[in-house]
Amino acid sequence: MPRPRQSDIAKLAGVSQATVSVVLGGNRSGLRMAERTRLRVLAAAEQLGYVPDPVATRLASRHNSLLGVYTFKRTFPTNVADSYYPILVGVEEEAAALGQDLVLFTGARDHDAAELRRTRIADGCLFFGRHVPTDAVAPLVADGFPLVYIGRRDEPGIPYVGADYVTASAAVVRRLVGLGHRDIRYLREPDEAPSSADRERGVLDAARAAGLDVGVVRTDGPAPVRRWVEQGVTAVVVEETDTSAAYLSVRRAVEQAGLSVPHDLSLAVLGQPPDEDPAVTGFQVPRYEMGRAAVRLLVDLVTGAVTPDSPQAHRLLPCTPVPGRSVGAPNTANRQGS
C-alpha cells in the first residue's frame with residue numbers, strides 16, 4: 001500500500017495542498033488560519049497514517065531545537081521519589097545548556113506505532129522505561145528518525161545511554177565473597193528487561209569466578225528469607241527496579257523473621273533502596289548523568305555528528321559503589337548443622 005501524500009490529505013480534508021503543507025510544517029509562515037481548518041488537516045493526516053519524510057522535513061525546516069521525551073510508563077515520573085526523576089533533571093539541565101526545548105509525551109495511551117508517531121513533531125526523541133514495545137519503535141528506526149533510549153537495549157539500530165550494571169553487580173558479589181560468604185541467594189523480579197539481564201550476568205560472572213553457584217530466585221511474592229537462613233544462606237543480593245518490589249519483599253521478610261542485618265544476614269541491593277539509605281550496600285545508578293549524556297547524543301544524531309550505528313551511539317556509564325553497612329562477615333552460627 002503506497003504511503004499517503006500531502007495531496008491525499010488535502011483531498012480528504014477539503015483544502016489546498018499548500019494549506020496542508022503549512023499545517024504540517026508547523027505554520028512557520030505566520031499565516032492566519034482558522035483553528036477548525038488546522039484540526040481538520042491534522043485529523044485527515046492521522047486517519048491516513050501520514051508520516052512525513054524525516055530527511056525532507058529537516059532539509060525544509062532545518063532544526064527547530066525541539067527534543068521529545070517519551071516514557072513507557074502510564075504516569076510521567078515527576079515525583080522526586082521516583083527512580084526516573086533524576087533522569088528528567090539531567091535531561092532538562094542539559095537541554096537548557098544546549099539551547100534545546102523539550103516536549104513531554106505522556107504514555108497514558110497504548111504504546112503502538114501510531115502513538116509513537118506523535119514524537120515526529122520534534123527533531124528527535126528520548127525514550128525510557130523498563131519495557132519497550134519494539135514493534136512500535138521499529139518504524140521510527142527504519143525511517144531514520146533520531147532517537148536515543150535511556151538504558152541499554154538489545155535491539156539493533158537503537159542508540160542508547162545506559163548504566164554498566166554488569167561490572168557494578170559483579171563488584172557487589174566480589175565484596176561478599178571477600179568477606180567469606182559462600183552461600184548466597186540472588187533475588188530478582190520475574191519479568192525480563194535488559195537491566196535485569198545485565199545485573200544477573202554480573203552476579204553469575206563473579207560467582208563463577210569464585211567457584212560458587214549462586215542460587216537465582218525469580219519472584220514477585222514474599223521472599224522466604226527465614227528458610228534460607230535456616231538452610232545456611234548468609235547473604236542475599238536483591239535486584240533494584242523502578243518498583244523496588246524485590247527489595248521491599250526482602251526487607252519485610254527480614255523484619256518478620258526477627259533477623260538482624262548484617263549480623264544474621266548480609267543484604268546488598270544492585271542499585272539503591274527506594275529511600276536511598278546510604279547504610280544499605282549497593283551502588284548508585286548514574287541516572288542524572290545518563291539524562292545529560294542522552295541529550296548530548298540525541299543532538300549529535302540530529303545534527304549528523306554521530307550516526308546510529310557508530311560506537312559513540314552506544315554508551316554505558318559506570319556506577320558508583322555504595323559501601324553501606326548492611327554486609328559483613330558471615331555468622332557461621334546460622335549455618336545448617338552448626
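This is a predicted model: local features need pLDDT of at least 70, side-chain atom pairs count only at pLDDT 80 or more; totals for chains, interfaces and linings use all residues.
A salt bridge, as I use the term today, is a side-chain nitrogen of Lys or Arg within 4 Å of a carboxyl oxygen of Asp or Glu, and the structure holds 18 of them. Residues are numbered from 1 along each chain as its sequence is written, and side-chain values use heavy atoms, with hydrogens and water left out.

Let me begin with individual pairs. The side chains of D183 and R185 meet in a salt bridge, at 2.9 Å from N to O. For accessibility, I call a residue buried under 20% relative accessible area, exposed over 50%, and partly exposed in between, with a 1.4 Å probe and protein chains only. By that scale D183 is partly exposed, at 22%, whereas R185 is buried, at 17%.

R218 and E192 form another salt bridge through their side chains, with 2.3 Å between N and O. This pair links distant parts of the chain, 26 residues apart, since R218 sits in strand β7 (residues 215-218) and E192 in the loop between β6 (184-188) and α9 (194-209). Helices (H or I, at least four residues) and strands (E, at least two) are DSSP runs, numbered from the N terminus. R218 is partly exposed, with a relative accessible area of 39%, and E192 also counts as partly exposed, at 46%.

Where do the partners of the salt bridge between E240 and R199 lie? Their side chains meet at 3.2 Å, N to O; E240 is in the loop between β8 (235-239) and α11 (245-256) and R199 is in helix α9, so the pair ties together parts that are 41 residues apart in sequence. Both E240 and R199 are buried. Elsewhere, a network of salt bridges links E93, E94, R292 and R296.

I turn now to empty space. Rolling a probe the size of a water molecule over the atoms shows where empty space is left. On a 1 Å grid over the protein atoms alone, a cavity is a set of points where a 1.4 Å probe fits but cannot get out, while a pocket is an open set with protein on both sides within 12 Å along at least five of seven lines, and lining residues have an atom within 4 Å of a point. Grid points are joined across faces, edges and corners, and a volume is the space filled by probe spheres set on the points.

A search of the whole structure finds two cavities of 30 Å³ or more. The largest cavity has a volume of about 320 Å³, and among its 23 lining residues, Y84, R130, G151, Y165 and S195 lie nearest its centre. The elements that give two or more residues to this lining are β4 (147-150), α9 and α12 (287-303), and α9 gives the most, with four residues. To sort linings by class, I count Ala, Val, Leu, Ile, Met, Phe, Trp, Tyr, Cys and Pro as nonpolar, Asp, Glu, Lys and Arg as charged, and the others, Gly among them, as polar. The lining of the largest cavity then divides into 10 nonpolar, five polar and eight charged residues.

The second largest cavity holds about 40 Å³ of space and is lined by F127, V132, V137, L147, Y149, R153 and I158, which by class are six nonpolar, no polar and one charged.

As for open sites, the second largest pocket holds about 370 Å³. It is lined by 22 residues, of which S83, P86, Q272, E276 and R287 lie nearest its centre, and α12 gives the most to this lining, with three residues.

E276 brings me to the backbone. Most residues other than glycine have a negative phi, and most peptide bonds are trans. E276, however, has a positive phi of about 55° and lies in the loop between β9 (266-270) and β10 (282-284). S244, in the loop between β8 and α11, has a positive phi of about 60° although it is not a glycine, and it counts as buried at 8% relative accessibility. Finally, the peptide bond from V261 to P262 is cis, with omega near 5°, and P262 lies in the loop between α11 and β9.
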